[in-house]
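Thanks for passing this one along. Here are my notes, point by point, to read beside the model.

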Amino acid sequence: MLRSNNCGELRINDLNSQVSLCGWVHHIRDLGKLLFIDLRDRYGTTQIYFDANNKPELYQSAKKLGREYVIHVIGTVRERSNKNPKMPTGDIEIDVDTLKVLNTSEIPPFTIEDDTDGSEEMRLQYRYLDLRRNVMKDTMIFRHKLNLSIRNFLSEKGFLEIETPFLIKSTPEGARDFIVPSRLNPGNFYALPQSPQLLKQLLMFAGMDRYFQIVRCFRDEDFRADRQPEFTQLDCEMSFVEQDDILNLFEDMMRYLFRNLLDIDLPIFPRLTYKEAMETFGSDKPDLRFDMPIINLSDTLKGKGFKIFDNSEYIGGLLLINQPDVSRKQIDKLTEWVKNPQVGGSGLAYVRLVDNEIKSSITQFFSNDFLQNLMKSINASNNDTLFIISGNRNKSLEILGNLRLHLAKQYQLIQKNIYKPLWVIDFPMFDWDEENHRFTSSHHPFTSPLLSDIELLDSNPSLARSNAYDMVMNGAELGGGSIRIHDKFLQKKVFKLLNLTDQEAEDKFGFFLKALDYGAPPHGGIAFGIDRIVAVMLGLNSIRDVIAFPKNNMGRDLMMQAPAPVTADQLKELHLKIQ
């Protein structure tokens, strides 16, 4: 070993010890006859120094060092005269006797500091430099500890970690598959798994009882801050369980992770049905860190002669509490925001209470007394503003949900450093695809309906609810799962409702349907996004900040310049042509 110690472990009780350190030159401070360098490695930083009066040749060698040079030094631990209480090693420094340059470095394109001057694009291009920053290094260490804690918790609960293959059959449902051509089977393709869904169910059929895997998954879909074409998933499945068994166990797991890694005791996990979440928060992943529920105003405002409201299926509102600085200019900006095509609203009405006087965009349609009573009925006080959206029910709720988050960010209503988890349950079994005039699975086609709703599959599938559940925290979906279908007759019925013919079901899922003939147990599971868990626990906005080598928002690896063309010989070998 070149080093006797790392750069983060030496303390005052190591005085007069001779040590050998390796690391990167972080900061250089030349004080004339004394040269001080902060030497950095994964474990921390130690100050080393060179004295021109005592060791002039060594001093001159040290003056040639540059930022991010990799060096090896041997020296003696001394007590610092100007101690740095902000550094764990701040009581000591190294009087260097031997210096060896292990490698030089060009000047980095951005500063290797937590508050770097590098743009995200630049940092992704030079990700190996970005990972040297403490904030990125600490995130990678935290992620390692999270994975280790997950493995320890689940192993103690009797789970087996079992690997499943990356080269599987394409069974597209929902997102698009990444497909991989087979050289040995011309014209045939593997797919990279969107998740190990069928494989983990087959493990239950095989009697493995409790399975987990920290696994890479792949989805060829459009990108957002919380999406990547490849991502890491904690995948779990259990036999002979009901919904409560899964929710209780993985709620315990999340409590364990927060207590073990952040020393935080999570509050209770309330359970909201999908219907309650949408009607109250306009989202199936509500952020509970602030209190601004949607108010149903349909009965109050419809039928009063205002055509826009009278012709609306639904009218809902949000009460912004105690904001004296809300101006007409701000309201106009909010109205334009609502009309943005990405939001999809047609307009925004408001009623504001200031010094017991009403200010509103709808005073010409409603009397002052009516609006005063309206504000009183929702317990509005001075400097409160009611924002109103109307139109199609589902669309209005979605807009109100987005507006709720927008208002919370604009007026800084979200409390920092708190965590508000919940379960959302009883999702719809199906969504209706208007373009193709068919049902699609809200989760996936192997999700079981609620027992009470099985008969609806024959009479009114659109009303059927699934035995599915999502864990949500601070407005982010951390994981989701369901109780699975273990009956072949029910599984084939769901396939038919999804517009799959018997032949199509056999072609895509024949191996799975065959397995259902051989004693499939009742089972269910859940999958968590590791990237999202880390981001939420560390209070980060983008999962790109918790992945060692992520893609950008266009799905490109800026460091390796992937995806990239391949040679004509490679295409020929795979029997492929580019059109």
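1. The structure holds one cavity of 30 Å³ or more, and the largest cavity has a volume of about 40 Å³. A cavity here is a set of points, on a 1 Å grid over the protein atoms alone, where a 1.4 Å probe fits but cannot get out; points are joined across faces, edges and corners, and the volume is the space filled by probe spheres set on them. Please keep in mind that this is a predicted model, in which local features need pLDDT of at least 70 and side-chain atom pairs count only at pLDDT 80 or more, while totals for chains, interfaces and linings use all residues. Residues are numbered from 1 along each chain as its sequence is written, and side-chain values use heavy atoms, with hydrogens and water left out.

2. Which residues line the largest cavity? They are Leu124, Arg127, Phe549, Pro550, Asp557, Leu558 and Met559, where lining means having an atom within 4 Å of a point. By class this lining has five nonpolar, no polar and two charged residues (Ala, Val, Leu, Ile, Met, Phe, Trp, Tyr, Cys and Pro count as nonpolar, Asp, Glu, Lys and Arg as charged, the others, Gly among them, as polar).

3. Do look at serine 466, in the loop between α13 (456-459) and β20 (468-473). Serine 466 counts as buried because its relative accessibility is 2%, and buried means under 20% relative accessible area (1.4 Å probe, protein chains only). Beyond its neighbours within four places in sequence, serine 466 has contacts (heavy atoms within 4.5 Å) that include Asp426, Phe427, Thr447 and Leu450.

4. On the cysteines, the count of disulfides (pairs of cysteine sulfur atoms within 2.5 Å) is zero. For cysteine 22, the nearest cysteine sulfur is that of cysteine 7, 8.0 Å away. Cysteine 22 is buried, at 12% relative accessible area.

Technical notes:
1 Å grid on protein atoms, 1.4 Å probe; cavity = no way out; pocket = protein on both sides within 12 Å on 5 of 7 lines; lining within 4 Å. Helix = DSSP H or I, 4+ residues; strand = E, 2+ residues; numbered from the N terminus. Buried < 20%, exposed > 50% of the residue type's maximum accessible area, 1.4 Å probe, protein only.
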